[in-house]
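Trainee: Could you walk me through this chain before we get to any details?
Mentor: Gladly; let us look at it together and start with the overall picture.

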Amino acid sequence: MFVLVNLKAYPCDPVAVAEAAHDVAAESGVRIAVAPQAAHLERVAETGVETWAQHVAPISYGSHTGHTLAEAAAAAGATGTLLNHSERRLTLADVDGALDAAERADLETVVCANNPDQVAAAAALGPDAVAVEPPELIGGDVSVSTADPGIVEGAVAAAGAVDPEVDVYCGAGVSTGDDLAAAADLGAAGVLLASGVAKADDPRAALDDLVSGA
Ligand SMILES: O=C[C@H](O)COP(=O)(O)O
């Protein structure tokens with residue numbers, strides 16, 4: 001199972017979380033990546049943890065003030081990027097353009113989606129993975145794998161029908177090893193989570209608990 005920790009814009013210490021994630025990944029053998037704010041990419045990557053961008057724009061070099069250029073994210077140490085997160089929605093055309101940008105910069109991609117229909121549309125664009133996240137469960141205490149197992153199974157079926165090479169992750173409310181194990185049982189190849197680690201009093205302990213379910 002892949003554990004992708006999105007730090008969003010939470011007021012956590014990105015380097016401390018990254019160091020904890022790096023150590024837990026090394027000790028457990030579980031693949032863990034951290035997606036910090038763009039301004040923190042370089043410092044997070046310097047810890048040695050697998051580092052992801054939260055978003056890259058559907059642009060190439062040029063006059064694009066305020067946009068995140070995929071090549072800049074890669075130069076700062078990112079090896080992958082989220083796209084179309086529920087809190088950073090894109091049009092379908094922009095998801096396609098951002099996938100092109102990520103491919104140019106050699107970034108692995110996860111396209112987020114609300115439900116199985118969107119998962120199918122996202123999978124058709126050829127990302128490395130899709131992540132299904134019911135928006136109403138994001139930031140909550142109940143994991144998607146418990147609250148809405150059918151949406152995870154539906155996402156796995158939808159992506160598989162379009163392109164079996166596209167991995168399916170799930171997210172929203174995931175915070176424990178039991179949540180991770182439940183997601184795996186439903187067919188997910190990874191989890192996308194944020195508050196369970198970024199808002200934890202002890203991110204290292206939260207990560208240890210998470211990987212216990214892998
Ligand atoms: O990117 C992460 C997801 O939106 C899930 O967030 P959450 O773990 O706080 O529910």
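**The chain as a whole**

Mentor: This is a predicted model. A compact globule of 214 residues would have a radius of gyration near 17 Å, and the chain has 16 Å, which agrees with that expectation.

Trainee: OK, and what does the C-alpha trace span along its principal axes?
Mentor: The C-alpha trace spans about 45 × 40 × 30 Å along those axes.

Trainee: How many helices and strands are there?
Mentor: The secondary structure of the chain comes to 10 helices and eight strands.

Trainee: And what share of the residues is buried?
Mentor: Buried residues account for 49% of the 214 in the chain. If you take the contacts between residues at least 6 apart in sequence, 66% of them join residues at least 24 apart.

Trainee: Switching topic, how do H5 and H7 pack?
Mentor: Helix H5, residues 116-123, packs against helix H7, residues 149-162, at an angle of about 30 degrees, and their axes are 8 Å apart. Angles under 35 degrees count as roughly parallel, and H5 and H7 are therefore roughly parallel to each other.

Trainee: Is the crossing left-handed or right-handed?
Mentor: H5 passes H7 in a right-handed crossing.

Trainee: Which residues make that contact?
Mentor: From H5 they are Pro 116, Val 119, Ala 120 and Ala 123, while H7 contributes Ile 151, Gly 154, Ala 155, Ala 158, Ala 159, Ala 161 and Val 162.

Trainee: How do those divide into nonpolar, polar and charged?
Mentor: The contact of H5 with H7 has 10 nonpolar residues, one polar and no charged.

Definitions and conventions:
Residues numbered from 1 in each chain as written. Predicted model: local features only at pLDDT ≥ 70, side-chain atom pairs only at ≥ 80, totals over all residues. Axes fitted to C-alpha atoms, helices over the stretch in contact; angles between N-to-C directions. Helix = DSSP H or I, 4+ residues; strand = E, 2+ residues; numbered from the N terminus. Parallel < 35°, antiparallel > 145°, perpendicular 65-115°, else oblique. Left-handed = near helix turned anticlockwise from the far one by under 90°. Contact = placed C-beta atoms within 7 Å. Nonpolar A, V, L, I, M, F, W, Y, C, P; charged D, E, K, R; others polar. Rg over C-alpha atoms; globule rule 2.2 N^0.38 Å. Buried ≥ 20, exposed ≤ 12 C-beta atoms within 10 Å, placed from the backbone.
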